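Subject: Structure handover

Hello,

Here is the structure for you to look through. My notes on what was found in it follow below.

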Amino acid sequence: MRLDLGLIADMVPIGARVLDLGCGDGDLLSALIRERGCQGQGVEVSSDAFHACVSKGIPVIAADIDDGLTDFTDDSFDVVVLSQTLQATRRPARVLHEMMRVADTAIVSFINYGHIGLRTRLAVRGRMPVSPLAPEQWFATPNIHPCSILDFEQLVRSEGLVCAERHVLGADGGPGGRWAQRRPNAFAAAAAYVVHRSDRVRTGPR
Amino acid sequence: MANTDIEHGSIGEVVTQRATLFDRDAPLLLEGGATLAPVEVAFETYGELNAQRDNAVFICHGLTGDAHAAGHHGNPARPGWWDNFIGPGKPVDTNEFFVVCANILGGCMGTTGPSSIDPATHKAYGLRFPLVTVSDVVRVHRALIAHLGITKLRAAIGGSLGGMQVLQWAMDHPEDLAAAVIVCATSRLSAQNIAFSAVAREAIMRDPNFHGGDYVDADTRPDAGLAIARMMAHITYLSEEGMRSKFGRRLQNGTTPRFGFDVDFQVESYLHHQGEAFLRRFDANSYLYLTRAMDYFDPFGNTEEAAARLADLDLPFLVMSFDSDWRFDTSHSREIVRVLSAHRVPVSFREISSPHGHDSFLLVIPEYHATVANFLRRTERAPHRSSHAS
């Protein structure tokens with residue numbers, strides 16, 4: 001499993017009902033079901049990944065999250081996860097809004113385009129940034145809405161949401177180093193957040 | 001990971017079996033309050049029931065299907081209606097599963113229905129047959145598996161009205177099923193769906209040979225009405241694209257229109273053939289009863305009762321639709337998914353691309369078959385909810 005998925009798994013409450021958007025082969029959900037007693041539901045647009053989930057016995061709905069989460073009613077999950085996909089959606093604000101409709105806790109991770117290496121590549125070399133987490137050239141990258149940590153936090157605030165936790169990640173997907181902790185926007189390769197609605201009444205997993 | 005390479009084997013020759021279920025002391029109590037006894041059921045089985053009796057899969061057929069789902073009755077060129085789906089190495093793999101398919105209550109292919117003889121009058125029931133619901137159909141399925149010594153199914157699987165039976169079964173008796181597969185079905189017919197049913201029934205009932213349903217006594221049959229009903233229904237089973245590519249505006253004979261009212265276009269000839277062929281195997285009263293059972297089907301309708309039942313539901317569902325199906329389009333399947341998911345039922349869903357409309361569920365579509373095969377393979381050990389979850 002990707003290192004950042006391990007970190008995300010640790011952020012999910014035991015026994016939670018979890019919706020994983022862009023669940024891929026179901027690795028995160030498998031781990032959550034097996035190790036944290038969660039009830040998992042995946043959403044995946046790729047046909048191969050859909051088959052992989054079905055073959056593992058993981059409930060999965062074939063859908064494009066950019067089409068909205070219309071298959072899910074309000075508050076039907078405890079936690080909704082979006083891992084390194086927000087920047088690849090057509091309408092990130094709407095996706096975030098939909099996530100907070102179906103669950104009152106969202107775990108969102110994304111590549112931090114505020115990282116100094118990416119800034120330097122654009123500022124000094126005048127080339128669009130690539131990084132180990134986002135190696136594709138500008139014309140091939142799925143990341144059509146790159147954002148920095150500051151950008152994301154501003155979106156969360158403007159949507160009337162609250163960042164309850166922030167975990168900064170290194171380029172390997174593991175916890176970020178000292179500089180990343182101190183100056184995340186400049187030195188974290190990626191970040192994972194726990195986001196709540198601001199009017200949220202803490203009830204824990206049902 | 002994708003298993004799109006389904007090997008094709010045949011079950012070979014099979015025979016339809018019969019069971020007599022219920023008796024006067026313990027009759028079938030219908031949802032509407034009426035009772036029936038005895039109830040004859042025609043069914044077929046494929047594969048072997050294992051010693052633990054836990055490898056059974058139940059196939060629920062659609063509106064005009066029958067117990068003969070797979071294998072053949074002597075002529076390999078004329079296999080059962082879902083032969084491409086059931087057999088060794090097929091999605092419902094008879095090397096692993098014991099498969100049961102039964103003609104449904106109210107039908108006319110060996111199971112008690114309006115064309116059966118009423119033991120009280122020694123005449124065909126006709127319209128004196130009690131109205132049956134999808135729940136009633138499921139009651140008879142349950143009696144049959146009990147008769148076969150099966151207490152829990154690995155899965156119930158059905159397309160269209162068959163899928164509706166699976167949904168009803170899961171809601172009425174979730175303890176019977178380890179998994180549910182629902183293909184191109186609905187949780188409730190739309191006004192448009194009911195409208196088509198209504199016109200079909202009108203065609204039958206307004207046929208001068210209908211005789212209030214007692215056409216057998218009158219030694220006649222409402223053939224014109226039943227054929228029209230079938231022709232119209234058949235249009236809804238195909239798609240615009242499918243019809244365009246299959247028939248276009250091609251003429252039956254040559255390229256010059258005959259400018260008359262006889263069958264001229266190929267599509268007319270095809271529908272005529274479908275209507276006529278249907279007369280040889282279907283009973284008009286059964287058509288009335290079964291379409292009516294579909295109209296009234298609405299297991300999510302009473303939201304409080306549905307919520308209570310769904311709260312107990314903890315079996316994995318596979319729901320599928322086809323993008324060109326307009327009889328029960330994808331929104332019908334998505335509604336099932338939405339309601340199940342809202343009640344925390346583990347559900348997998350996929351819309352399959354196919355130009356063949358509602359009938360797609362009867363065809364070999366690799367993505368569709370692979371999905372069912374992969375899902376069924378995991379029916380026992382599905383880790384959708386671990387034992388220590390709340």
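**Two helices in chain A**

Helices α1(A) and α2(A) lie oblique to each other. Please keep in mind that this is a predicted model. The axes of α1 (residues 3–11) and α2 (residues 27–36) of chain A come within 10 Å and cross at roughly 40°. The crossing of α1(A) and α2(A) is right-handed. On the α1(A) side the contact is made by A:Leu5, A:Ile8 and A:Ala9, and on the α2(A) side by A:Asp27, A:Leu28, A:Ala31, A:Leu32 and A:Arg36.

**Chain A overall**

Chain A holds eight helices and seven strands. Its radius of gyration is 16 Å, close to the 17 Å that the globule rule gives for 206 residues, so chain A is as compact as a globular protein of that length. Taken along the principal axes, the C-alpha atoms of chain A fill a box of roughly 50 × 40 × 30 Å. Of the 206 residues in chain A, 52% are buried. Where contacts in chain A link residues at least 6 apart in sequence, 63% of them join residues at least 24 apart.

**Chain B overall**

In chain B there are 10 helices and 14 strands. A compact globule of 390 residues would have a radius of gyration near 21 Å, and chain B agrees with this at 21 Å. The C-alpha trace of chain B spans about 70 × 55 × 45 Å along its principal axes. Buried residues account for 49% of the 390 in chain B. Among chain B contacts with a separation of 6 or more, 71% are between residues 24 or more positions apart.

**Helix α4 of chain B and its neighbours**

Helix α4(B) covers residues 223–237. The buried residues in α4(B) are B:Gly225, B:Leu226, B:Ala227, B:Ile228, B:Ala229, B:Arg230, B:Met231, B:Ala233 and B:Tyr237. What covers them includes α3 (191–205), α6 (266–279) and α7 (284–296) of chain B.

How do α3(B) and α4(B) cross? Their axes come within 7 Å and cross at roughly 160°. That makes α3(B) roughly antiparallel to α4(B). The crossing of α3(B) and α4(B) is right-handed. From α3(B), the residues B:Phe196, B:Val199, B:Ala200, B:Ala203 and B:Ile204 take part. They meet B:Gly225, B:Leu226, B:Ile228, B:Ala229, B:Met232, B:Ala233 and B:Thr236 in α4(B). An α-helix has 3.6 residues a turn, so residues three or four places apart point the same way.

**One residue in chain B**

B:Ala102 is found in strand β8 (residues 98–102) of chain B. Is B:Ala102 buried or exposed? With 30 other C-beta atoms within 10 Å, B:Ala102 is buried; the cut-off for buried is 20 or more. Leaving aside residues up to four places away in sequence, B:Ala102 touches B:Val41, B:Ala42, B:Phe43, B:Ala67, B:Thr111, B:His141 and B:Leu144. B:Leu189 is 87 residues from B:Ala102 in sequence, and the two are 24 Å apart in space, C-alpha to C-alpha.

Regards

How values were computed: Residues numbered from 1 in each chain as written. Chains lettered and ligands numbered in written order. Predicted model: local features only at pLDDT ≥ 70, side-chain atom pairs only at ≥ 80, totals over all residues. Helix = DSSP H or I, 4+ residues; strand = E, 2+ residues; numbered from the N terminus. Rg over C-alpha atoms; globule rule 2.2 N^0.38 Å. Buried ≥ 20, exposed ≤ 12 C-beta atoms within 10 Å, placed from the backbone. Contact = placed C-beta atoms within 7 Å. Expected span 1.5 Å × (residues − 1). Axes fitted to C-alpha atoms, helices over the stretch in contact; angles between N-to-C directions. Parallel < 35°, antiparallel > 145°, perpendicular 65-115°, else oblique. Left-handed = near helix turned anticlockwise from the far one by under 90°.
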